[in-house]
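This report describes metal sites and helix packing in the structure shown below.

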Amino acid sequence: MNNIFFYIFARIITNFIMTTDSTIRPEAVGDGVQDLQRGELVRENNRDENIEYRQAHHQAHGVACPQCGTVNDPDAMFCASCGHQLRMGTCPNCGSEIDPEADFCEVCHHYIKKDICSFCGAHMSGNEVYCHECGNPRGGLVCPICNTLNDFAFCKQCGVPLTDEARVLVEDLKKLPDYQLLSETAKELEELNMQLPYASERDVVRDQMNDKLRERVLMLLAQDQGVPNPVIPKKQTKRLSKEELQKKKDEKGRLLTEILDRMAVPALPSPIKARNYAMAQKPSGVRLAWVCNWKHAMHSSPCGCAKPQLGGKWVILGKNNKNEIKDDK
Ligand SMILES: [Zn+2]
Ligand SMILES: [Zn+2]
Ligand SMILES: [Zn+2]
Ligand SMILES: [Zn+2]
Ligand SMILES: [Zn+2]
């Protein structure tokens, strides 16, 4: 008898589970995903066919430059006559379509030029473990401060120089008046950012009363020690009203932006040099982002940009532009 009850009970429970489950049937979700994947696949195939057709066409006829009309080698990346880009490159690491001049893939965040040292720009045969020029391991350097693995000469996370060349570059930059002004201004802005304003009028009154009391006590102490008219130095208070503090922050921010604009990195022949130069300029303290001249994209640093050789500049990272950073670590 007990067994029958148990059986019925078990059936009810099983039915219940099955009905509740059907509302979130995994296959139902799966169908949608598969549809999407099928769509992707069809598009992929079409694209592949297009590429194949184009490739066959190119092999037969060579590639005519859309800029100047010169017929180039079937597999030329750039026009031999005017330098115009003829086709996209492919990331050897993730297969994404990338700019043929890029040395870094912004999709998978990998350094991709096996024949150029990512630390100093020296030419490599491709398989060396250490660069013959700068001696750095080609597999990357781990930052001693934050433990991040880096492909480039500065830590992309905390900004410290990781190679001798990078340290020399920072020391050289420190001699420039603009760089000194930049670090000072960044430090001052950072201090203002850390400061708390007076929360209310009552705070101000309380502060003033405390100051008066302090002056009175010091006066009495001095008179006790036989000084008839002691001069009590005023206490330097740093606290400001919310508005005053904001005004000061805005002023410093504007000055910092001005200096950063002035120090914008121009186009340089080597992406390695451009990256190092930009990283060496970065003042510590204030949070900054890097805006490149290539896509005018915002990077957390030039280490995340595929074409830093076109130049760019640091900008202050605030509440309103924080979400614009495209790359990650
Ligand atoms: Zn051309
Ligand atoms: Zn990639
Ligand atoms: Zn090197
Ligand atoms: Zn670091
Ligand atoms: Zn970029």
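## Zinc ion (ligand 4)

Cys143, Cys146, Cys155 and Cys158 each coordinate the zinc ion (ligand 4) through SG, at 2.2 to 2.3 Å. Donors here are N, O and S atoms within 2.8 Å of the metal (3.2 Å for Na, K and Ca), and water is not among the atoms, so sites may look incomplete. The four donor atoms make angles of 99 to 121°, and the site is tetrahedral. Four donors count as tetrahedral if all angles lie between 85 and 135 degrees. Along the chain, the donors of this ion follow the spacing C-x2-C-x8-C-x2-C.

Cysteine 155 is buried at a relative accessible area of 0%, whereas cysteine 158 is partly exposed at 34%. Buried means under 20% relative accessible area, exposed over 50%, and partly exposed in between (1.4 Å probe, protein chains only).

## Basis of the model

The model is predicted: local features need pLDDT of at least 70 and side-chain atom pairs count only at pLDDT 80 or more, while totals for chains, interfaces and linings use all residues. Residues are numbered from 1 along each chain as its sequence is written, chains are lettered from A and ligands numbered from 1 in the order in which they are written, and side-chain values use heavy atoms, with hydrogens and water left out.

The zinc ion (ligand 2) is held by the SG atoms of Cys91, Cys94, Cys105 and Cys108, at 2.2 to 2.3 Å. Its site is tetrahedral, with angles of 106 to 114° among the four donor atoms, and the donor spacing is C-x2-C-x10-C-x2-C. Cysteine 91 lies in the loop between strand 3 (89-90) and strand 4 (97-98), and cysteine 105 in strand 5 (residues 104-105), so the pair ties together parts 14 residues apart in sequence. Helices (H or I, at least four residues) and strands (E, at least two) are DSSP runs, numbered from the N terminus. Cysteine 91 is buried at 3% relative accessibility, and cysteine 105 is buried at 0%.

The zinc ion (ligand 1) is coordinated at 2.3 Å by SG of Cys65, Cys68, Cys79 and Cys82. Angles of 105 to 113° among the four donor atoms make this arrangement tetrahedral. Its donor residues are spaced C-x2-C-x10-C-x2-C in sequence. Cysteine 65 and cysteine 79 are both buried.

## Helix 4 against helix 6

Helix 4 (residues 177-194) packs on helix 6 (residues 242-262) at an angle of about 155°, with the axes 9 Å apart. Axes are lines fitted to C-alpha atoms, for helices over the stretch in contact, and angles run from 0 to 180 degrees between N-to-C directions. The two helices are therefore roughly antiparallel, a label for angles over 145 degrees.

Threonine 185 is in helix 4 and is buried, with a relative accessible area of 1%. Apart from neighbours within four places in sequence, threonine 185 contacts Lys252, Leu255, Leu256 and Ile259; contact means heavy atoms within 4.5 Å.

## Helix 7

Helix 7 (residues 271-281) is largely enclosed by the rest of the structure, because nine of its 11 residues are buried. Among them are Pro271, Ile272, Arg275, Asn276 and Met279. The elements covering the buried residues of helix 7 include strand 5, strand 6 (110-111), helix 3 (164-174), helix 4, strand 9 (288-292) and strand 11 (312-316).

Terms used: Tetrahedral: all angles 85-135°; square planar, octahedral: opposite > 155°, others 65-115°. Parallel < 35°, antiparallel > 145°, perpendicular 65-115°, else oblique.
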